[in-house]
Amino acid sequence: MTQDHIQHAGFVAILGAPNAGKSTLLNQMLGERLSIVTHKAQTTRIRVLGLLTQGNTQIGLIDTPGIFKPKSRLEKAMVQAAWDSLDGVDMILLLVDASARQPDPKVDEILESLAKRKVKATMVLNKVDKIKLEKLLPMTERMHATGLFDEIYMVSALTGDGVPELKTKLLAGMPVGPWHYPEDQLTDVSERLLAAEITREQLLCQLHDELPYMASVIPESWEERKDGSALIRQTILVTKAAHRAMVLGKNGARIKEIGSAARQEMVAFMGRPVHLFLDVKADERWQEKNEFYRLFGLDGASR
Ligand SMILES: Nc1nc2c(ncn2[C@@H]2O[C@H](COP(=O)(O)OP(=O)(O)OP(=O)(O)O)[C@@H](O)[C@H]2O)c(=O)[nH]1
Ligand SMILES: [Mg+2]
C-alpha cells in the first residue's frame, strides 16, 4: 500500500457566538446547503455533521448552535450541544464575526471556557468581505495574545474567500485512521430532520418578530411514493393560539408561502419531487417535553 492509500479521518467542530456564520462556513466547505442559514441569531438548534471527503481524507465537520448565556431549557440544551460537540474532535475552529462594530462579550466568554478546558483552537475571522483588512489587526493581535490559537485565518464564508486555505489546513491535520462513513455520504442527520429544519428556516425568514424562536417544526410522517416523490407531513409547534393565527396568516396565506418556499428548498436539496403538508398546533408546553429533545438529539445522548 502506498502512502497515498493510507486513510486519514477526523472531526472538526465549528464553534462561535450566534450569527457568526458557522452554518454558512459549513455549507461553503461542503458546497451544499446542508445547514440552515438566516440573518437571525440562534438559527441552528442541533449539531449538524457535514462530511467532507477529499483524496484520502475524510473530515466530519460539526456545525453547532451558537454559544450565549442560555435561559430557557431549549437554549440550555442548544448551548450544551455546542460544547458537547467538542468531545473527541481533532480540531476546533472558533469562528468570530470580524465585522462586528463592538467586541462581542459572548466571544470573551467562549475564550474563557476554551482556556478552562485547556484546548487549542484555530481562530477564524469571518465576514472579512464587510471590513477593511487593516481594521482586523488589533483583533488578530488580541487573539494571538490569548495563546489559545495555533493559527488565525481570515475568511468570508459567504463569498468563499480564504476558505480553500482553511480547508487545506483541516485536510492536512486529520490523523491516520479509517473513514467513519462511506465516501459519498453527506451527513448523519436524517432527511426527515433536515426537511423539518428547512421549514423552520422559512419560519425564521418569513415571520418578523420573536415568534420563530418560540416555534419548532416536527417531522410527522414521510411516505415514499411509487413515482419517486416523497410525501412529507410536518407539524409547526407554537406556544400560543395567537401565534398559530400569525403562522397561518390571513386566509392561510402565510402558511401557504412558508410551505411553498420550503417545498422548493426540499426539492433542490433532495433532487426529487416533494409533496409537503404542514399543520400548525399551539402547545404551551412543547419546550418542556422530553421527546422533543430526544428527536433533535438535544438530550445529550448523541456522540
Ligand atoms: N457579509 C457576510 N455575511 C455572512 C458571512 N457569513 C455569514 N454571513 C451572514 O451572517 C448571517 C448568519 O449566518 P449563519 O451561518 O446562519 O450564522 P451561524 O453562526 O450559523 O448562526 P447561528 O446558527 O444562529 O448560531 C447570515 O445572514 C449569513 O448570510 C460572510 O462571510 N460575510
Ligand atoms: Mg447556524
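A residue counts as buried if 20 or more other C-beta atoms lie within 10 Å of its own, as exposed if 12 or fewer do, and as partly exposed in between; C-beta atoms are placed from the backbone. The model shown is predicted: local features need pLDDT of at least 70, side-chain atom pairs count only at pLDDT 80 or more, and totals for chains, interfaces and linings use all residues. Residues are numbered from 1 along each chain as its sequence is written, and chains are lettered from A and ligands numbered from 1 in the order in which they are written.

**View 1. Met29 in helix H1.** Met29 sits in helix H1; helices (H or I, at least four residues) and strands (E, at least two) are DSSP runs, numbered from the N terminus. Met29 is buried, because 23 other C-beta atoms lie within 10 Å. Its contacts (C-beta atoms, placed from the backbone, within 7 Å) include Leu52, Leu61, Val163 and Lys167, not counting residues up to four places away in sequence. Met29 and Leu51 are 22 residues apart in sequence, yet their C-alpha atoms are 9.6 Å apart in space.

**View 2. Helix H1 and its surroundings.** 8 of the 9 residues of H1 are buried, so the rest of the structure largely encloses this helix. The buried ones are Lys22, Ser23, Thr24, Leu25, Leu26, Asn27, Gln28 and Met29. They pack against strands S1 (8–16), S2, S3, S4 (91–97) and S5 (121–126), and against helix H5 (163–173). After H1 comes Gly31, with a positive phi near 70°.

**View 3. Two nonpolar cores.** A nonpolar core is a set of buried Ala, Val, Leu, Ile, Met, Phe, Trp, Tyr and Cys residues joined through C-beta atoms within 7 Å. The largest has 51 residues, and Val12, Ile14, Leu15, Leu93, Leu94 and Leu95 have the most contacts inside it. Val12 touches Ile59, Leu61, Ile62, Val89, Asp90, Met91, Leu93 and Leu170, leaving aside residues up to four places away in sequence. A second, separate core has 22 residues, including Leu203, Ile218, Val238 and Ala262.

View 4. Strands pair if DSSP finds at least two bridges between them. S2 (residues 48–54) and S3 (residues 57–63) run antiparallel, joined by 7 bridges. Gln54 has Thr57 of S3 as its bridge partner. This hairpin has 2 residues between the strands, and Gly55 takes a positive phi near 60°. S7 (residues 216–224) and S8 (residues 230–238) are also antiparallel, with 8 bridges. Pro219 is the bridge partner of Gln234 in S8. In this hairpin 5 residues lie between the strands, and Gly228 has a positive phi near 90°.

View 5. The chain divides into domain 1 (3–173) and domain 2 (191–295), with bounds from an automatic or database domain assignment. Their C-alpha centres lie 28 Å apart. 10 residues of domain 1 contact 11 residues of domain 2. On the domain 1 side, 3 of the touching residues are nonpolar, 4 polar and 3 charged.

Methods. Two residues are in contact if their C-beta atoms, placed from the backbone, lie within 7 Å. Ala, Val, Leu, Ile, Met, Phe, Trp, Tyr, Cys and Pro count as nonpolar, Asp, Glu, Lys and Arg as charged, and the others, Gly among them, as polar.
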